[in-house]
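Morning, everyone. I have one structure to walk you through today.

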Amino acid sequence: MTTDAFLADCRARLAFDLLSNTWNAVVLWALRDGPSRHGELRERIGGISSKVLTETVRRLEFNGLVERHAYAEAPPRVEYELTPLGRTLLAPIGTIGAWAFAHGDEVMAAQDRATGLR
């Protein structure tokens, strides 16, 4: 891998694109403990609309990171679960989250300075 791989390699761009969408990483992290229904995910995540959650799980399913399981019950039940591929992103998401926890105040202070709030 060359130092220009992040610029030229479409696979690196793919990974960055997957993690650049805020909801992708949040939904993946919310599914880390096992399968969950749509309403359970919305409650666990907070601040996400039903429409955006549906779009996100569809995008994650399209990319092979989440599986949708529909059960023929009355009423119908649908659960979402991480695939083995989706589980491989938990460590990088956890690392980014730890960085944000450690440095979030610094980033927000820089934003405040840039907007003249401090």
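Start with the largest pocket. Its lining is Leu19, Ala25, Ile93, Ile96, Gly97, Trp99 and Ala100. Keep in mind that this is a predicted model. The volume of that pocket is about 160 Å³. Helix H7, residues 90-115, gives the largest share of the lining, with 5 residues.

Stay on H7 for a moment. The helix has a kink of about 60 degrees, and the kink is centred on histidine 103. Which residues of H7 are buried? They are Leu90, Ile93, Gly104 and Ala109. Just past the end of H7, glycine 116 has a positive phi of about 80 degrees.

Now the core. In soluble globular proteins, nonpolar side chains tend to be buried together. Here the largest nonpolar core has 19 residues. Those touching the most other members are Val27, Leu28, Leu31, Leu41, Leu53 and Val66. Two or more residues each come from helix H3 (22-30), helix H4 (38-45), helix H5 (50-62), strand S3 (77-82) and H7. H3 gives the largest share, 4 residues.

Last, take leucine 53 from that core. What does leucine 53 contact, leaving aside neighbours within four places in sequence? Val27, His38, Leu41, Arg42, Ile45 and Ile48.

Note on methods. Residues numbered from 1 in each chain as written. Predicted model: local features only at pLDDT ≥ 70, side-chain atom pairs only at ≥ 80, totals over all residues. Heavy atoms only, no water. 1 Å grid on protein atoms, 1.4 Å probe; cavity = no way out; pocket = protein on both sides within 12 Å on 5 of 7 lines; lining within 4 Å. Points joined across faces, edges and corners; volume = space filled by probe spheres on them. Core = buried A, V, L, I, M, F, W, Y, C linked by side-chain atoms within 4.5 Å. Buried < 20%, exposed > 50% of the residue type's maximum accessible area, 1.4 Å probe, protein only. Contact = heavy atoms within 4.5 Å. Bend = angle between axes of the 7 residues up to and from the residue.
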